[in-house]
Amino acid sequence: MEFGLDKPLVDIQNLTFRRGERVIYDDMSMQFQRGKVTAIMGPSGIGKTTLLRLIGGQLKPDSGKILFEGADIPSLNRQELYQARKKMSMLFQSGALFTEMSVFDNVAFPIREHTRLPEAIIRTMVLMKLEAVGLRGARDLMPAELSGGMARRAALARAIALDPQLIMYDEPFAGQDPISMGVIVRLIRSLNDALGLTSIVVSHDVAEVMSIADYVYVVAERRVIGHGTPEQLRQHESPLVQQFLQGQADGPVPFHFKAADYATELMELSR
Amino acid sequence: MLKQIQQLGANTLGTLQGLGRATLMLFGALWGRPRPLKNWHLYMKQIYVVGVLSLLIILVSGLFIGMVLALQGYTVLAKFGAEQMLGPLVALSLLRELGPVVTALLFAGRAGSALTAEIGLMKATEQLSSMEMMAVDPLRRVIAPRFWAGVISMPLLALIFNAVGILGGHLVGVDWLGVDGGGYWSAMQANVDFQQDVVNGVIKSIVFAFVVTVIALHKGFDAVPTSEGISQATTQTVVTASLAVLGFDFVLTAVMFGG
């Protein structure tokens, strides 16, 4: 399909998504420009991972459009969806490496599944991807033998194995020590620029995100509460955005989960 | 009272929904052009894991059940002076009932629980999701090879179980208790009908294989992706599959041998 390069690669329009009674997103729109690192930040539990699954077509929205290269993901049939997924890739929080395969076979997995390349070429491709994440020497290890940071890098090598256009990172910094955090921050930026990827990073690690993102959306309370370049966001006038960026415990996003009146509930016990 | 009726309704609906999801899963796994050539190593690996690794428990159980059958059968038959009927007794019990049923029960405990736990953990660790995002259908890649491995392995295991059981019966009846060896085999030959007994036993075994494997795969695929969810799913696999096997066995026996 012909599609203008100036248009965003992923375009979410008026997305509404409910889980049971609970509204996760209400009429939300965002755009992800080609070749950029776009970050989605927000407190835990607002469904940031859900958003990635919506883009990947693993969940269907209640209403709204999710355009990937101009095609509306939720309305694709199964075969079209699988074709679209070959152009995107997702790095799961846990890495999600296949535990019964070595690192090498994990990275080779998508190549073997989707191409009929000879084993020698696959080997070269896998070694190149592993070199890019610095794990060429660890190719014979099993996932259980890797540290958390290494597992995530191995998963990253697997995610870029087929040179996708879009890569989605689900909480790539969570639970990492400072060194592996630094490594991953650098990798996201350098892979994005070197491979001409479009990256979506979902995270709540403010400092890391602000350092690599070209554009940031802050999501809370079922909608986008602020967006802009990191510089623009720092100047943002919304108290919600400022609360999040500065990590204040209480503010417009309340410390307490929605509950009945405290005094009334305590009195109920004595009744 | 009203609450109990509600609960009953909810349970029934839950069961029906589960059946629907299991059917959809199976349909998704088996629909379309099978590619056994491309994925033959996956099928081989699963047949090894599910079938070959179950051999030990099947061999030992078969041997002992055959020996016990001969021992018990002999005491009763000897009262009527009908020891030479020990061969048919052991063979018919095994071929018609014990072979398929006990194999299925052992298979549910040995291989079924492992399948559920494996798939449940793959789900919990997002391996299935990540496969989906790599445009590889987990139903085809993970579920289908395990399904076929189960359906192929179990009837073969049941046949092995029968053979070993009959040898066990020989060991006790002929070698220990002194029943005539020629009589053991010739009475068996005269009384066991290939179509009626052997083929029907194999048919039973194929049905059980289908039931146990589908239950095991579905419980794993449908498991709540937490440690508690997986432990529950594994237990449910063994319980549900065992009960289903006994239920189906009654129905099949009534159809095959009831008239």
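Modeller: Strands count as paired if DSSP finds at least two bridges between them. This is a predicted model, where local features need pLDDT of at least 70 and side-chain atom pairs 80 or more, while totals for chains, interfaces and linings use all residues. Residues are numbered from 1 along each chain as written, chains are lettered from A and ligands numbered from 1 in written order, and side-chain values use heavy atoms, without hydrogens or water.

In E7(A), five of five residues are buried (under 20% relative accessible area; exposed is over 50%, partly exposed in between; 1.4 Å probe, protein chains only). Leu166(A), Met168(A) and Asp170(A) cover one side, with Ile167(A) and Tyr169(A) on the other.

E7(A) pairs with E6(A), residues 88–91, in the parallel sense over four bridges, where Met88(A) has Leu166(A) as its bridge partner. E8(A), residues 198–203, also runs parallel to E7(A), joined to it by five bridges, and there Thr198(A) stands opposite Leu166(A).

As for charged contacts, the whole structure has 19 salt bridges over all chains (a Lys or Arg side-chain nitrogen within 4 Å of an Asp or Glu carboxyl oxygen). One of them joins Arg78(A) to Asp137(B), with the closest N and O atoms 2.2 Å apart. This pair crosses between chains, from helix H2(A), residues 78–85, to the loop between H5(B) and H6(B). Arg78(A) is partly exposed at 48%, whereas Asp137(B) is buried at 12%.

Methods
Helices (H or I, at least four residues) and strands (E, at least two) are DSSP runs, numbered from the N terminus.
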